[in-house]
Amino acid sequence: MTRSQVTIDGNEAAAYVAHKTNEVIAIYPITPSSPMGEHADAWSARHEPNIWGTVPLVVEMQSEGGAAGAVHGALQTGSLTTTFTASQGLLLMIPNMYKIAGELTSTVFHIAARSVAAQALSIFGDHSDVMATRSTGWAILFSNSVQEVMDFALIAQASTLEARVPFLHAFDGFRTSHEEMKVEKLTEGDLRAMIDDDLVQAHRGRGLSPDRPVVRGTAQNPDVFFQARETVNPYYLATPDIVQKAMDKFAALVGRQYHLFDYVGAPDAERVVVLMGSAAETAEETARYLVSQGEKVGVVKVRLYRPFSVRHFLAALPSTVKVIAVLDRTKEPGATGEPLYQDVVTAVSEGLADGTAPFASFPRVIGGRYGLSSKEFTPAMVKGVLDEMVKPVPKNHFTIGIVDDVTHTSLEYDPDFDIESADMVRAMFWGLGADGTVSANKNSIKIIGEETSHYAQGYFVYDSKKSGARTTSHLRFGPQAIHSAYLLQKANFVAVHQFGFLERYNVLANAGRGATFLLNSPYGPTSVWDHLPRQVQEQMIAKKLKFYVIDAYDVAQETGMGVRINTIMQTCFFAISGVLPKDEAIQEIKKAIRKTYGKRGEAVVQKNFAAVDAALAHLHQVEIPDQVTSAIEMPPVVPLEAPEFVQKVTATIISGEGDSLPVSALPSDGTYPSGTTQWEKRNIALEVPVWEPDICIQCGKCVLVCPHAVIRAKVYDGSALAGASESFKYADARWKELRDSKYTLQVAVEDCTGCALCVEVCPAKDKSHVGRKAINMQPQLPLREQEKENWDFFKGLPDFPRHDGLSFNNVKNVQLLQPLFEFSGACAACGETPYIKLLSQFFGDRAIIANATGCSSIYGGNLPTTPYTANKDGRGPAWSNSLFEDNAEFGLGMRLTLDKQAEYARELVARWRDLIGPELADDLLSADQSDDAGIEAQRQRVAELKAKLAQGNQDPGLRDLVSLADALVEKSVWIVGGDGWAYDIGYGGLDHVLASGRNVNVLVLDTEVYSNTGGQASKATGLGAVAKFAAGGKPTPKKDLGLMAMSYGNVYVAQVAMGANDAHTVRTFLEAEAYNGPSLIIAYSHCIAHGIDMAKGMYQQKLAVDSGYWPLYRYNPSLRAEGENPLKLDSKAPKIPLKDYVYNETRYRMLTQSNPQAAKRLLAQAQEVVKERWQKYEQMARME
Amino acid sequence: MDLTTTYMGMALKNPIVPSSSPLSESLDGIRRMEDAGAAAVVMYSLFEEQITLESHQLDHFLSYGTDGFAEALSYFPDMATFKVGPDEYLNLIRRAKKAVGIPIIGSLNGVSTGGWIQYAREIEEAGANALELNVYYIPTDLEMTGAEVEEMYLSILRDVKNAISIPVAVKLSPFFSATANMAYRLAGAGANALVLFNRFYQPDFDLENLEVVPHLVLSNSNELRLPLRWVAILYGRVPADFAVTTGIHALEDVLKGLMAGAKVTMMASELLQSGVQRISQVLEGMVQWMEEYEYESVAQMQGSMSQQRVAEPTAFERANYMKVLGSWRPDPAGQLF
C-alpha cells in the first residue's frame, strides 16, 4: 500500500497511532503534550474510528493523577487505554505507574518530555520527567525525530501487548513534539499488521469481570511481598527481545530498521558518544560529517532505555572504542553521575567482568549534561564533546552548551563550526504572534513537504509574552532527509516582518553570506536604506545580502487582511526564494489557502487570494549601496538608570542573548528581584489612550480596568507642577475633600498594549461631539517622546498618602492607590489582571501571594521581567509559584508561618514587656490593624521596638524577637489562580483550605477554560460552550464553586464581575480581607479564549450578569452574628435572554455554525440552568 | 366565496402572505403559518453581508492570538466543518418545500453582483417558488446620484433575472424621486412583482449614554397609507403584480390593499405581535365582510379603488395633500394631535 507523505509535528504523529490503537483515552492538558489530547478529542468528536472500527472514548480528567487513575481502571477492566503527558503531569502519574507495572499491564503513555520544575518552572524539553520514572518498572522507548515518533508509537504498542510491561514512549518536548517535519504516514494496514489481535484479546481477557471474579491489588505482608515482587523478572528479561522483534517486523513491513541501540559512525571508531532523544539526530549528523573528514568517531543512539539491555548495548559498540562520552539531558544533583551515564558505566563494567564486552580493556567513560530546558544542542557542541575526548584527561561530569564559571563544568567549543549542506534552503523569519508569521510558515512547510519531493522541517520559537509576542521561525527545505534538530545557524533567507525589530534585535546575526533579506517596511525601495540602523546596514554590505522590501501592512489594509500579513509575506518568500517556480508556488499557496480557510467561508478565501495577488505587485528589490550611511544606533535595551542586575542579566535576556549568560550571573535558588517590567519598554501599542482633562469627570474607571496598570492617577498640590513640561496635563481635582489640589491622569505609553479597554469603559463624553470621550486612542509614535518625559515627571509626583484623609472604599478613590503589579506580559485587554492589580493596590504592601501555575504565574513570574513591584518604602507583594495542583495548600502554609511567627513574637513581647517598655509592649499587643492607618501605626511601633532591641542585649530570645518583629504587623495572604486550578486539579486542596478556617484570601480568576494551555474545558466551562476537550459543546453545567464553599457556613464567598459592577468588586475585596477566616472571590475574567472583541470585555461581563448567568453576590458569615442573612444578592434578576450574552462569544457561537441542532438544545438547557440557579440564590437570600 | 388570487403566476388560496420576518426562521414557524391559513410564505432574508461578516468574524476569532505563545498555539478545537455559508437557509427552504404545500418565496439581500447571482441560483435550486429581492440599501454616499441608485436596482434585477427562471419580485424603497417611473422601469426589466415598500428600520438615540442604538418598532395600520397610495397609482399602469407589505394588521387593511390593486397583502408585525392565528382570524373576517357586502371574489375587489377606477383620481395626488393639511385644527388645549 502506498504511504502518503505528510508534514506534521511529533504530537500529531504520536496521537495518530495512539488514537488508532486504543479504545479509551484519558487526558489532561499540560504543555507541551496538550496537542496530543486535543487531536485525540477532536478525532473522536468527528467520529473517526480506531483500527477496529470503533471510535475511542476520550475523557478529560481533573488532573494527571486523575487521568492515571482512570487509565489504571480502564486497563484493569480490559480496555486498550492510553494517555499523554509531560513534566509534573508525569510525576503525578508515578503512583499509578508502579501499580500498572506491578500488575503487568499493557499500555503505552506518550510523553513530550519536559523539564521538571526546580528553581523555576520551564515548559521546554529535557528528560528530567522521564528519568524520574525510572524505578516504576515501565519500559522507556525514546524517539528521536517526528518519523520515529510515529514509528515507535506503534512499535511500543505492539511490544507492550506481548511483553505485558507498560511502556513510556518519550520524545523531546517542543523540539520533537512541536517540530513540523515531512514524514511517511503509516497506513491503517501497517497498524493492523503490527497489532496482534490475539494479544489484544488476551489483554481484554485479563480484565476484571464479575463473570470470572478475581481479586487484584491485595495488601501483602513481609512474608511474601518480596518474593511476589520478584515474580515479574522474566517479563523484564524478555522485553528487549520482544521490542527488537517488533522493530524487525516493522522493518519488514515498512522498510525502516531500528535497533534497541543504533550505532552510526566509523566501524573503527575510537570515540563514541552515547545519547538519546532529538540530540541523537544532531550527533549522528555531526558524526557522519566528521567520519567523512576521516575522523574515527561514532554515536550510539539509545532507543530502549528501560529495560536497559547490557547485551544489546555492548553489541552496538565498536570494539575499537577508547573513550565513551555519555550525554544526559537531565540533572541529578548529588548523584555519581546522570542516569544514562551510570547505566553505561555499569554495562561496560559488567561486560568486561563477564567477558561479553567487545573490547579487552576498559574504555574511559565520561558523562555530561546538555540541553536542559531545550537549550540548543548543535553540531558545534557535539564536536566540542568529541574534541574533549581526545584529551589525555578529559573532563568528566561536564556540561556542554553553557558557560559554567562557578564549578567550571562546561566544555569549550567553537560556535562557528557548521556542517549544514549547501543544497539546503534555510529560511529564518522574524515576526509577531499577531501577524500570522508562524501560521504562514506552517503552511509553507506543508506546501513544500506535501507537494514536492523536497524534505521540509519547521521549528518555531516564541517569547513568553502573551501580548506583542515575538516569534522566530526556522525552516529547512532540501533534497536530503533532515536530521538537524537545532535552530538555524546560518540562514540563506532572512525575513523580518516587523520593521521595529531592526532597532531591537540583531536580526541579521544568522544571515549567511549572500543571503536574501526580505523586509516588511513602511518605507519604499527608494527611501528604506535611509531608515535602517547602522548595524543593519553594516551587515547587509559585509554579507553581500540581496535585499527586498514590501509594505505588507499597506497591502493587508487594501485587501481587508487587517494586521494579518502572513499570506502576503508567504507569497513574497516563494516569489524570491526560488524554492518552487513562481507560478506553481502561487497556485500551491492558493490551494493551501482554500484548504486552511475554506471551512471559514468563501469570503475569507477570496480575501486571502486578493492578498496573494496584490503582494507580488508591491514587492521590490533594492540595490544595496557600498557605504554605510546610517547614524541610527540601536538604543540601550534598558534605561541606563536601571539597577545593576537588570543591566547585566535582565537586559541580556530581553535582547535575546540569554544563552550567553554564565552560571555566575544567575541566582542559585531561583530568587529574583521584583519590579523589573518597568525597565522593559516594549512599545508594542500602535495606538495609546490620550486624556482630555476638560471632559474627564475623574471617576477612576479607566484606571481600575487597565490590565497593564499603564493609566495612573494622582492628586497633588499644585506647587508640585514646577518643572512640568508644557504638554503635561492636569486639572483641578474633583474631590470635595481635596478642592485645592490638582489631578493628573497619566499614561505610560511605552508600556501600553493599546487594548482600548479604558476607552470602552469611559463614561464621560464631549457634549458637543459625543464620539469623543475623556480618553481616546491616538497613534503612539508621535506621542512617545513627549509622554515618556511626562510619565517620568508623573512618577516623581508624590503619591497620595493612603493612611489619612480619604477612605479607599470606592472606585474613584482607589485610582489614587499605587498599583504594585504593573506592565505584565498578559494579553492585551486581559480580564484577569485588573483584579490582581486591585489586590496589589489595596494590600500589596503587606501581601504574600501563592500563585497557581497558569496564565497568572506566567505573566506574573516568567523571565525576563516580573510585574510585581514595590512602593517607595520598598514594600510590595512577595510572590511565589509552587505547582499547579497544590496552590491552596501552599498559601495555607504561608499563613501558618505568619500565624506561628506572630504568636511567637507576641509571646516574646509579653515575656520582655518590661525591657521593651510596658506601654510600647502593650500597644504592640493590642494594636488595631484593621485599616491602613492601624497598619502604619504598628509598623512605627515595630520600628521603635527594633531600635530598642538593637541596643545590645544578646539574649537569644531577644534576638529571636528582632528576627520576628515584622510578624507583629499583619500580613495579607492571597491564594491566586485560575479555574483549572480551583475547579479541577487543585479543588481537593482548595476545599480543605477553605474548611481550615484559617485567614486566607482566595482569588479565582475564572476564565472558564484552561487559558494558559490554549483553552481546554474545565469544570468552570459553561454549558454549551465549545472548548478543546469539549468540541461538541460542553454538555454539563458549570460547577457552582461558590455554592459549594458557602455550604461550610464560615467561608466568605463572593462572585464578582468588574465590568458589571466595579463598586461591588471593590467592596468585595475589602470585605474578603477584613473577614477573619477563609475568603473566596470568584472573579469573572473575560479571555482571549472566549473569542470576543477583547476591547469590549467589560461589556461582555455586564451581559453575563444581566443575563443572570453570572449573579453577583456576597456571602459574609459575619452578618449572621448581626442577625442578618449572610447572603446578599447584588445583581438584579435576569433581564436579557442568555443568548444575548453567549452568542456574543465565538466559543458559544461556533457551535451554532458547526452543529446548530446541538447548539439550540444546549442553549435551551443552559437558559433553564440560569433560571433555576437564580431562583435558588434568590430563595437563599430571602431566608430569614 | 372565492378568496383565491394569483401572484407572479402562482395560484394562491387567499391573498394573505406573511412577509419576511423571524417567523420563517424555523420549519415549525413556517408550518404554523401554513396551518393558520397563509397562502404563501416569504422567507426571512438571506443577507450576503451577514454571511461575509460571519465568515470574517469566525476567521478573525479563530486566528486571533494563535501561534504567538508556546503553550497556547490555538484557543479552539479544530472543527471539521462550519456552516458559515447559506447552507442553513437553503436547507430550510428544502425542508419547508417538503413539509408544507404552500409556495415558498425566498428573500435575498446581496452586496456584490456575484453574491446576488450565486445566492439567487442557490435559492432557486433549493426549490423556492419565487424570489423576492430585498434591496435594503441606504444611499449615504455623497457622490452617488439618484440615477445611479436607480440603475443599481435595475442592474441587480437584470442580473438575477438572467440567472434564474423562477419569478422575481422587487421590494422597493419608498424613497425614489420618481416612484412611478422606477416601478415602470423595474417591470420593464422583468420584475414579476413589486413589493411596496421596504420598511427601513431607523436607529434611535439613547440619551442616557449618548449612543445611537438600533430600535425595532413594529408597524401599525397607519403606515398602510403610503403603499396604499402607490399601489393605487401604479395599478393597471405598470405591468407587474403588486404586494402591499407595510401596515397590514387588520381585515380592513387587507381589503384596502386589495382594492388598491395588490394581488397579495403581506403581514409581519401583526403576526409577531399577536401570533400567527391572526391570519385565520382575518381570513374569517374577510369571508364575513365579503358576504355582508356581497362580494363574490377577491378578484372582484382587486384594483377596484385604484387611481384608474375611482371617481376622483386626483385624490391620490397633490391636491389631496393640500386638503389634508387644511383639515388640521388645533385642539382645544392648543396642541396639535
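Tutor: A:S87 counts as buried, because 30 C-beta neighbours lie inside 10 Å; the term requires 20 or more other C-beta atoms within 10 Å of a residue's own, whereas 12 or fewer make it exposed and values in between partly exposed, with C-beta atoms placed from the backbone. This is a predicted model, in which local features need pLDDT of at least 70 and side-chain atom pairs count only at pLDDT 80 or more, while totals for chains, interfaces and linings use all residues. Residues are numbered from 1 along each chain as its sequence is written, and chains are lettered from A and ligands numbered from 1 in the order in which they are written.

A:S87 belongs to helix α4 (residues 87–102) of chain A; helices (H or I, at least four residues) and strands (E, at least two) are DSSP runs, numbered from the N terminus. Its phi is near 50°, a positive value in a residue other than glycine. Most residues other than glycine have a negative phi, and most peptide bonds are trans. A:A829, likewise not a glycine, has a positive phi of about 65°. A:A829 is placed in the loop between α25 (811–814) and α26 (833–843) of chain A, and it is buried, with 29 other C-beta atoms within 10 Å.

A:P32 is in the loop between β2 (24–27) and α2 (34–45) of chain A, and A:P864 in the loop between α27 (855–861) and β31 (878–880) of chain A.

The strand to examine is β11 (residues 297–302) of chain A, where six of six residues are buried. A:V297, A:V299 and A:K301 point one way from β11(A), and A:G298, A:V300 and A:V302 the other way. In a regular strand the side chains alternate between the two faces of the sheet. Strand β9 (residues 261–265) of chain A is joined to β11(A) by five bridges and runs antiparallel to it; strands pair if DSSP finds at least two bridges between them. A:F261 has A:V302 as its bridge partner in β11(A). Strand β10 (residues 271–275) of chain A pairs with β11(A) in the parallel sense, over five bridges, and there A:V274 is partnered by A:V300. From β10(A) the chain passes through helix α11 (residues 279–292) of chain A to β11(A), a right-handed β-α-β crossover; with the strands pointing away from the viewer, the path from the first strand over the helix to the second runs clockwise.

A:V273 is one of the residues that touch the most other members of the largest nonpolar core, which has 376 residues. Such a core is a set of buried Ala, Val, Leu, Ile, Met, Phe, Trp, Tyr and Cys residues joined through C-beta atoms within 7 Å. Helix α6 (residues 146–163) of chain A gives the most to this core, with eleven residues. Apart from it lies another core, of 62 residues, including A:A427 and A:I445.
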